[in-house]
Amino acid sequence: MKSLILTLLYLARDTVHRWLTRISSPVARVLVVFFLSLCALCFLGSYVVSAKIVRNQIMNLGGDLVTVTLVNSDEHPAALPGAGEVRELFGADSYCLRLCGSAFTEEPRKSFQVATYDFCRVGQMFPLMAESGCPTLLVPEGSDVPRGPLTVTMHRMSVDVFVRHLPADNMLFRLFRQGIVVVQPETLEQLGAGRSNANFSFLVLRVPDLKGPEDLLRVEQYFRRLGKLDGVQMNTSSVADLLREMDSVLDRQVQCRAAFCLGIGCIVGILLTALSGMEYRQNEYIYTLMKSFGIHPLLLVLAFLAENTLLVASSFLAAVTVFMQSQHYIISQFFKLGRYSLSLDEIMPEIRLIAAALAVCILISSFPIILAANREIGRVLK
C-alpha cells in the first residue's frame with residue numbers, strides 16, 4: 001500500500017514537473033478545449049434559443065389552447081361539458097360561450113364579438129361581469145378603450161355596456177384578441193336577439209403543463225368522439241400540428257448538433273493523442289525503468305488519463321461558466337435574437353452532448369499510451 005501511494009505521488013510530481021518545464025503542452029490543451037467548447041456552446045445555444053423564441057411565440061398566440069366549436073341544432077340538442085367536468089377530465093380551466101352577433105363602438109371605431117353563456121357557467125362568468133349585471137365589454141389591459149360606461153351598437157340598437165380591463169394573458173383574449181362583449185342570457189332576450197340566434201358555442205380550454213402535441217391531440221380526440229356519440233357537428237382546433245412539425249425540425253437538428261460535436265471531438269482527440277504520445281516517448285526510458293521495478297503499466301496509463309481529464313474538465317467547466325455569464329451579450333449581439341437567456345436546465349442537454357464527445361476523446365487519446373506502456377522492457381532498455 002505504501003509503495004502504491006509513493007508511486008502515485010511520484011507520478012503526480014512528474015506530471016507537475018512536465019507542466020512547468022514544457023508549459024506550452026498543458027496551455028495548448030486548455031486553450032483549445034476552452035475555445036472549442038465555448039464555440040460549441042454558442043452554436044448549440046443558438047438552436048436552443050431559437051426554439052425557445054418560437055415556442056414562446058406559439059404559446060403567446062394560444063399554443064396551449066384547444067377550441068371546440070359546437071353547431072347548435074334544435075333537432076339534435078347537445079351541450080358542451082361544464083367547467084367542473086372539464087377540470088375533472090383534463091385538469092384544465094375553460095370558458096364556454098355562445099356567439100350571438102357583433103357590437104360596434106364609435107370612438108374609437110372598433111368591432112367586438114358578442115357572446116352569452118349557459119346557466120351552468122354563471123358562477124364562472126359572474127366575477128368577470130359588471131357589478132350591476134349589465135352587458136360587459138372585456139378588453140385586455142393596455143387597450144385604448146377606457147374603463148367605465150360605454151355605448152355600443154348591438155343588433156341595430158344602442159346598448160350601454162360597462163368596460164372592464166382583464167390581464168392580457170386571460171385565455172379569452174387568445175380567442176378574442178381585441179375583446180368581447182358578454183351579455184347575460186336574460187338580457188339577450190330583452191334585446192330581442194334570443195338564444196335561437198346563438199348558433200355557435202365555443203369552448204376554449206387551456207391544457208396545463210403542456211409538454212407536447214400529444215396533450216392537445218388527446219383533448220381533441222375526446223371531443224371528436226363526444227360529437228360522434230351525440231350526433232352533432234363538433235369541430236376542434238389547436239396548434240398540435242404546428243408543435244409536431246416543430247418537434248420534427250428539432251429532431252432533424254439533433255443530427256446536425258451531433259455532427260458538430262463529433263467534429264470538435266476529432267480536433268480535441270487528435271491534439272490530446274499527439275501530445276500524450278509525444279510526452280510519453282520523451283519519458284519512455286524512465287517509465288520503462290519504473291516498470292522494471294514492478295510498477296504496473298496500468299498506473300502509467302491512468303496517470304495520463306487523469307492528466308487529460310483534469311485539463312479537459314477544467315477547460316470545459318470554464319467554458320460553460322463564461323458562456324452562462326456572457327450569454328446575454330452573445331445572444332443579443334452576435335445572433336441578434338433579442339434579450340433572451342437560457343437557464344442551466346435548458347442548455348444542459350447540449351452540455352451533456354459536448355461533455356460526452358470530450359470524454360470519448362480522452363479515452364481515445366489513451367490508446368497510444370496503452371500500446372507504448374506494454375512494450376517489452378528489453379526493447380526499450382537495450
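The model is predicted, so to speak on local features a pLDDT of at least 70 is needed, side-chain atom pairs count only at pLDDT 80 or more, and totals for chains, interfaces and linings use all residues. Numbering runs from 1 along each chain as its sequence is written, and side-chain values use heavy atoms, with hydrogens and water left out.

Helix H2 covers residues 24–60, and its 37 residues should span 54 Å at 1.5 Å a residue; the end C-alpha atoms are 52 Å apart, which agrees. The expected span is 1.5 Å times one less than the number of residues, and helices are DSSP runs of H or I with at least four residues, numbered from the N terminus. After H2 comes Gly 62, with a positive phi near 95 degrees.

The largest pocket has a volume of about 340 Å³. Of its 14 lining residues, Val 48, Ala 51, Lys 52, Leu 250 and Glu 346 are the closest to its centre. H2, H8 (240–282) and H11 (344–365) each give two or more residues to the lining, and H2 has the largest share, 6 residues.

On to the cysteines: the whole structure has 0 disulfides (a disulfide being a pair of cysteine sulfur atoms within 2.5 Å).

Key: On a 1 Å grid over the protein atoms alone, a cavity is a set of points where a 1.4 Å probe fits but cannot get out, and a pocket is an open set with protein on both sides within 12 Å along at least five of seven lines; lining residues have an atom within 4 Å of a point. Grid points are joined across faces, edges and corners, and a volume is the space filled by probe spheres set on the points.
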